[in-house]
Every structure is written in C-alpha cells, then in structure tokens.
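Colleague: Thanks for making time for this one. Could you walk me through the structure and tell me how each label was reached?

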Amino acid sequence: MPSGLRVSILGGGSAYTPGLIEGFIRLKDKVPLERLVLMDIDSRKLSIVGTMVKAMLEAEMPGAQVDLTQDRLEAIRDMDFILCQIRVGGLAARHLDESIALDLGVVGQETTGPGGFSMALRTIPVMVEIARDVETHNPDAWLINYTNPTGLVAEAIHKACPVKMISICDEPMILQEALAGFLGVDPEAIFMDYFGLNHLGWARRVFLKGHDILPVLRQQLMESPRVDLERIFGSAVMEDPKNRLELQNTLRIFLETGLLPSPYLQYYYFADEMVKYRLASGKTRAQEVIELEKAILVDIEKMSAGKKKPEIRRGGKWHADMMIGLLSAIARDSRSVYIVNVPNRGSMPELPCEKVVEVPAVVAASGAHPLAMGMMPAGVRGLVQAVAAYEELTVKAALEGSRAVALEALTCHPLVPSREVAKKLLDAYLRTHAKYLPQFGGNQ
Ligand code: G6P
Ligand code: MN
C-alpha cells in the first residue's frame, strides 16, 4: 500500500461525514490518509462540515491534506477511492417520495417500496454520469457507492459502464457488530451466512468458532426477551424512536421465523403497522431527518467555533468500520470477507446471473468475489424473487426513461396493492419530480 490513500467523498457535506472521518482517525494505522477531498454541490453544508473535518484531521492526522470543492472532476482525478453518498433532490425530494406513497395508504420509505422506486429514477442517471466520469478521467480508481437505493444504483452502474465499483450498506455490519456486542466477542470472530438483496437480506446461520449460534440465541431471547438495546447500540442511537421500533421489529421477526432479518423486513412483514405508525406520527421519516440534520449542522458550527465538544450524532461506528475495512481489503489485497452488493454470478442460483445481490464476498485488490450462498428458504424465496423482478424493471425504466417499463416495475412490487395504485403512484412521481427525471422527458 502507498504511504497513504487519496480518498474523496462525493456528497461530502452530509451529516454522515464527521462519523466517517472519526473512523478514519480511529483506524489510521489500518488506512492512513494522504489526501481527503470533500465535494458537495451545497456550498453551505460543504463549508460547515468541511471546517469541522479539517479541524479533526489537523488534530489527529496532521500529515493529511484536506480540500473542499464543488467541482466533481477535482474529486475524481488523482484519487485512489471515490466514495459516493449523494442524494439527488435532497431530503425535500425524499419527503415527497415518502408522502406520495403514504397518501395512497402504501408504505412510504426512502428505499423500500414506491419511495425507493422514485428515488431510483432520480438517482440512477446521475450515478451513471458519475461512473462514466470515473471511467473517463480516472479508470484505475475504485468507486465505493453507498448512495441509496444501493442495490438498484449498483445494478444500473454495472449495466451501463465497466467502472471498478463496490456498493455497500452498513446493515450487515450493524447486525454483525450487534451480535458480537450481545455475545461479548470480537465482531471478526463471527461469520454470517447471509443472503438476499440490499435492505432485503437475512442471516440464516451465524457461526462462532464453527457453531451456529442462532438457535441458542433464539431460545435465550424467547426465555428472556428483554434485551438491553442501549448497551448494544448506545443511547444516542436509541434516542431516535424510529431506531427503537426498527430493532424491536427485527427481534420480533427473528423470534417468529428463526431467520435474523435486515431491519427493513419490517416494512414487508408489518406493512400495515408501518403505514399506521407513520400516519400517526404526522411526519415522514424525511421530515424527522431534516430536523435532525439541522440540529447536527448547528452543533457542528458550535464545535468548530470551539464552544462544544465534538459529538457524532448521525452515522456511527458501523458505517465507518464497514467502509474503512473495505478500503483496507482492496488497498492491501487482503482477501477479507465483507457482505457487499455485487453481481450475483451464481451465488444465489434462484436469481438471474447479472442481478445485484447482497452476499458475503472475498474483497481484494481485484474487487469483490461473491461466495456461493445457495438456495433460499422457500418461506422467503417468493418475496426475494418478486422484489428482484421489480428491481430489474426499475433499473431498465430508469436507464431508458420508459414509462411502460416503470409501470410494470411498480405493478410487481409486493407492497403495491394493484396496477391502478401503481398508475397513481407513477403519475404523481413523474409529475412531482419532472425536473429530476430528464430521461422521461419525451415519454410521459
Ligand atoms: C441505515 C441504512 C441506510 C440509511 C440509513 C439512514 O444505515 O442502511 O441505507 O440511509 O440507515 O436511514 P434514515 O431513515 O435515518 O435516514
Ligand atoms: Mn442501507
């Protein structure tokens, strides 16, 4: 590995960035930074977050050069890793994605269901443009994407352009570290037999020293279901009622089914409850995050002015551990196993070969090589296949700007109750977000 890595973050003005930088500092021996470039189209957020990040690195990694820019190409050229966390249309567009679905009595969520569909239509063209810029201006660099909806974005990029890319989500790492915290062992001691799609995956078996611990864990939880979530996840995470409900529902699914699910399975298994919860709260999740982000930016400004101690409130340790571990595995060619989003290539034989799946993969300088995860349990196979078909069609619709394919995609989503509702959703999304959907320009 060179003396240090050159890393850029597209969407670097996000409230997630300080948490990631804290990880780079914590793990600086594993992944030393030579240069960090933060790029954002929002100059205010870039300046607020950038000032804090500069101060953090000056104090802890004085050798690292930090640059802030609004020029995408400056953040692409001469980099080893380009990390991507953009949000096309910002949280305002997310609010519309979520509220349009809720108004029709359907789950309104950022990635799962129609909200994720709408986000994919907006995000895929921009992400493909970014991938093409990387391919043209810096083809040796790695694009590490965690822009949502991660699985759909990954599939579109793999289809459209041969850039070196790995797409990630922190949920598998959250499961792994939470289990390790619960058991009091090192997360690296655990191996998860995990399969599925992004935000639609399960750990089927969890191995510790060669034994599957899930049956014993399930039994223990059945006997004493009160888990000290504060101890495992920290009180800051548990302060957010959305996180508390999500964790409770995750345990509920585990106890009922024996499979340890991604927290996003709650939107399928308890769809009615989730709609009711959101309607009763009177706010979309986007509106909650807008408030949270505002408060974080105020905090960050105070910290930079020296009036407050640094505190990371959004995007914690898991995300940084996942990202930095992955960068290290590529840079050191260590062939470590991470659960990432990669083209299937037979890992899950009941899904198409080119479908992007979320499975354990050997990560090396040559990229991510998926392990063979085999057949799915029959009880979840249908759901995964239906969502896989919806994703395949959504990617096609987003790349081609085809209204007919978009309607077909929404119609096959398990959370959309009928083709008539699908038509209403599609009309509303195409109309509301027209300025972000140039690919549908001549086709509406
Ligand atoms: C998890 C998911 C991400 C998601 C994040 C924040 O980390 O894996 O994909 O963006 O939660 O969700 P929120 O609803 O709080 O914005
Ligand atoms: Mn995710």
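Colleague: Let's start with two residues: are Cys 169 and His 199 buried or exposed?

Modeller: Both Cys 169 and His 199 are buried. Please keep in mind that this is a predicted model.

Colleague: What makes Cys 169 and His 199 count as coordinating the manganese ion (ligand 2)?

Modeller: The SG atom of Cys 169 and the NE2 atom of His 199 sit at 2.2 to 2.4 Å from the manganese ion. The limit for a donor to this metal is 2.8 Å, so both atoms qualify. Water is not among the atoms, so a site may look incomplete.

Colleague: Where in the chain do Cys 169 and His 199 come from?

Modeller: They link distant parts of the chain, being 30 residues apart. Cys 169 is in the loop between β6 (165-167) and α6, while His 199 is in the loop between β7 and β8 (200-208).

Colleague: How many cavities of 30 Å³ or more are found, and what lines the largest cavity?

Modeller: The search of the whole structure gives three cavities of 30 Å³ or more. The largest cavity holds about 140 Å³ of space. It has 15 lining residues, and those closest to its centre are Thr 111, Asn 198, His 199, Val 387 and Glu 391. So our metal ligand His 199 turns up here too. Two elements, α5 (150-160) and α15 (378-400), each give two or more residues to this lining. By class, the lining has six nonpolar, eight polar and one charged residues.

Colleague: And what surrounds the second largest cavity?

Modeller: That cavity holds about 80 Å³ and is lined by 13 residues. Nearest its centre lie Lys 242, Tyr 267, Met 274, Tyr 277 and Arg 278. At least two lining residues come from each of α10 (241-257), α11 (266-269) and α12 (271-281). The lining comprises four nonpolar, three polar and six charged residues.

Colleague: Which residues are closest to the centre of the second largest pocket?

Modeller: That pocket has about 420 Å³ of space. Of its 21 lining residues, Met 173, Gln 176, Glu 188, Val 337 and Tyr 338 are the closest to the centre. The elements supplying two or more lining residues are α6 (171-183), β7 (190-197), α14 (317-331) and β11 (336-343). In the lining, 11 residues are nonpolar, three are polar and seven are charged.

Colleague: Strand β7 also contains Asp 193. How do you know whether Asp 193 is buried or exposed?

Modeller: Its relative accessible area is 5%. Buried means under 20%, so Asp 193 is buried.

Colleague: How many aromatic pairs are there, and why is the pair of Phe 195 and Trp 202 called stacked?

Modeller: The count comes to three aromatic pairs.

Colleague: What makes Phe 195 and Trp 202 buried?

Modeller: The cut-off is again 20%. Phe 195 has a relative accessibility of 1% and Trp 202 has a relative accessible area of 0%, so each counts as buried.

Colleague: Finally, which ring does Arg 252 lie over?

Modeller: Arg 252 lies over the face of Phe 270, at 3.6 Å from the ring centre. The distance limit for a charge over a ring is 6 Å, so this value meets it.

Terms used. Residues numbered from 1 in each chain as written. Chains lettered and ligands numbered in written order. Predicted model: local features only at pLDDT ≥ 70, side-chain atom pairs only at ≥ 80, totals over all residues. Heavy atoms only, no water. Phe/Tyr/Trp six-rings, centres within 6.5 Å; stacked < 30°, edge-to-face > 60°. Buried < 20%, exposed > 50% of the residue type's maximum accessible area, 1.4 Å probe, protein only. Lys NZ or Arg CZ within 6 Å of the ring centre and 35° of its normal. 1 Å grid on protein atoms, 1.4 Å probe; cavity = no way out; pocket = protein on both sides within 12 Å on 5 of 7 lines; lining within 4 Å. Points joined across faces, edges and corners; volume = space filled by probe spheres on them. Helix = DSSP H or I, 4+ residues; strand = E, 2+ residues; numbered from the N terminus. Nonpolar A, V, L, I, M, F, W, Y, C, P; charged D, E, K, R; others polar. Donors = N, O, S within 2.8 Å, 3.2 Å for Na, K, Ca; no water.
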